[in-house]
Amino acid sequence: MTSQRAADVSPFIAMDVLERANELEDVVHLEVGEPDFEPPARVAETAIESIQAGNTGYTASRGKPALRRAISAYYDRTYGVNVDPGRIVVTPGSSPGLLLAMAAIVDPGDTVALTDPHYACYPNFVRTVGGRVETIPLRPENAFKPDIGDFEAALEASTRALVLNSPANPTGAVMDGSTLAALSRTASRTDTTIISDEIYHGLSYGVDDHTILEYTDDAFVLDGFSKRFGMTGWRLGWLVVPPAFVDAVNRLMQNLLICAPNFVQDAGVAALDSPASQLDEVRDRYRTRRDLLVDAVTDWGLDLGYTPQGAYYLLVDVSDLPGETLEIADLFLEEAGVAVTPGVDFGEHASDYLRFSYATDIESITEAVDRLERLLERTDVV
Ligand SMILES: Cc1ncc(COP(=O)(O)O)c(C=O)c1O
């Protein structure tokens with residue numbers, strides 16, 4: 001019999017949609033959150049050279065010193081923040097880093113606060129370590145940015161940890177520095193540990209990204225190579241750990257994961273060494289796609305109500321369309337051949353929404369827009 005914890009883990013609906021969409025022919029995929037570009041060429045070359053040089057055994061659990069130094073240098077040049085490499089743990093993707101952070105902070109029965117909407121997988125990490133999920137609403141009228149009052153009220157109530165995510169999945173909202181500073185002050189006053197998921201940093205359009213580390217050392221930062229370097233399948237990430245947790249996280253890493261793949265860590269150094277112009281180019285491409293999709297959604301008469309400033313997602317209110325969002329997503333897939341993700345994956349407050357991802361080429365996005373336009377005209381629903 002499976003454990004109660006395993007039974008409580010819900011499926012990742014975006015993945016279910018992808019599976020169904022893959023069974024159909026001629027589908028445009030706007031449901032996936034996977035970059036459509038290759039990492040800089042030097043990344044693959046470095047990995048191959050590293051394998052050939054025999055770097056295929058275990059490494060130190062917390063990661064190779066050269067990569068941890070390169071990550072520390074990245075914080076210095078990107079945000080002007082000094083992060084001791086001793087606080088950096090290299091992980092096989094950022095997801096295992098989140099598991100380590102949760103395991104280090106949360107005791108069974110402890111409460112972990114998530115925003116709602118939130119990344120679909122967060123509640124399942126909390127449940128896996130025996131924690132209880134509490135949600136704090138992000139309101140569309142605030143462009144899905146935190147209202148500090150809501151957070152203060154929630155964190156007073158003995159919350160153990162707070163997960164933040166900016167730029168955010170599924171909204172694309174970006175928190176400004178003063179919001180992060182205020183949240184960090186509230187967390188410190190209420191003895192709440194912040195876990196800041198910064199995986200979409202670098203993919204913000206016209207606004208600056210701020211790391212929580214600009215405002216406090218007492219926060220976990222989750223980050224990695226999947227999104228801004230297009231390295232999802234390489235499985236490489238890192239965790240910046242508050243000084244008081246370094247020892248515990250190292251022991252957890254040694255026991256649960258041993259280490260990130262050896263030669264992939266060398267590839268990570270090459271990615272961090274790649275010219276900034278490479279990321280600038282990616283960012284420009286995403287910005288063009290975002291603008292196209294935002295204009296299309298507005299033209300359809302659907303309510304966007306905010307401009308997503310980062311990541312590669314739009315959360316679109318479809319409550320004016322007839323039917324439940326799951327049915328609307330089905331209609332889009334079956335009748336127009338366009339796959340999108342129903343908002344229910346991302347929390348109660350997202351249940352009237354669909355998430356559109358623009359992590360795909362402009363031709364596919366244009367095709368999806370045309371198809372949906374035709375469907376909406378035909379069904380005369382907006
Ligand atoms: C907000 C967020 N955090 C973490 C992850 C996991 O990324 P990784 O590939 O580094 O495990 C994702 C992946 O989609 C994500 O959207």
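1. Let's start with Tyr79, which is buried, with a relative accessible area of 13% in this predicted model. Tyr74 is buried too, at 8% relative accessibility. A pair of aromatic rings is described by the distance of the centres and the angle of the planes. For Tyr74 and Tyr79 the centres are 6.1 Å apart and the planes stand at 90°, an edge-to-face pair.

2. Another pair to look at is Tyr119 with Tyr122. Their ring centres lie 5.2 Å apart with an angle of 85° between the planes, so this pair is edge-to-face. Tyr122 is buried, with a relative accessible area of 3%. Over the whole structure, the search finds 18 aromatic pairs. Do look up the cluster as well: ring pairs link Phe37, Tyr200, Tyr286, Tyr312, Tyr313 and Tyr358.

3. Now for charges. Side chains of opposite charge can pair when their charged atoms come close. How many salt bridges does a search of the whole structure find? The count is 18. One of them joins Arg42 and Glu45, at 2.9 Å from N to O. Both residues sit in helix 3 (residues 41-52), and because they are 3 residues apart there, about one helical turn separates them. Arg42 is partly exposed at 39% relative accessibility, and Glu45 is partly exposed at 38%.

4. The salt bridge between Arg160 and Asp110 has its closest N and O atoms 3.3 Å apart. This pair links distant parts of the chain, 50 residues apart: Arg160 belongs to strand 5 (residues 159-165), while Asp110 is in the loop between helix 5 (94-105) and strand 3 (111-116). Buried or partly exposed? Arg160 is partly exposed, with a relative accessible area of 30%, whereas Asp110, with 18%, is buried.

5. Arg290 and Asp291 also form a salt bridge, with 3.0 Å between the closest N and O atoms. Arg290 counts as buried at 6% relative accessibility, but Asp291 is partly exposed at 33%. Elsewhere, salt bridges that share partners join Arg20, Asp330 and Glu334 into one network.

6. Which residues form a negative surface patch? They are Asp295, Asp299, Asp370, Glu373 and Glu377. Helix 11 (276-299) and helix 13 (362-379) each supply at least two residues of this patch, and helix 13 gives the most, with 3 residues. Asp370 is located in helix 13 and is partly exposed, at 32% relative accessibility.

Terms used: Residues numbered from 1 in each chain as written. Predicted model: local features only at pLDDT ≥ 70, side-chain atom pairs only at ≥ 80, totals over all residues. Heavy atoms only, no water. Phe/Tyr/Trp six-rings, centres within 6.5 Å; stacked < 30°, edge-to-face > 60°. Buried < 20%, exposed > 50% of the residue type's maximum accessible area, 1.4 Å probe, protein only. Patch = residues over 30% accessible without salt bridge, like charges linked within 9 Å, V, L, I, M, F, W, Y side chains within 5 Å. Areas by Shrake-Rupley, 256 points an atom, 1.4 Å probe, with all protein chains shown as cover. Salt bridge = Lys/Arg side-chain N within 4 Å of Asp/Glu carboxyl O. Lys, Arg positive; Asp, Glu negative; His and termini not counted. Charge placed at Lys NZ, Arg CZ, Asp CG, Glu CD. Helix = DSSP H or I, 4+ residues; strand = E, 2+ residues; numbered from the N terminus.
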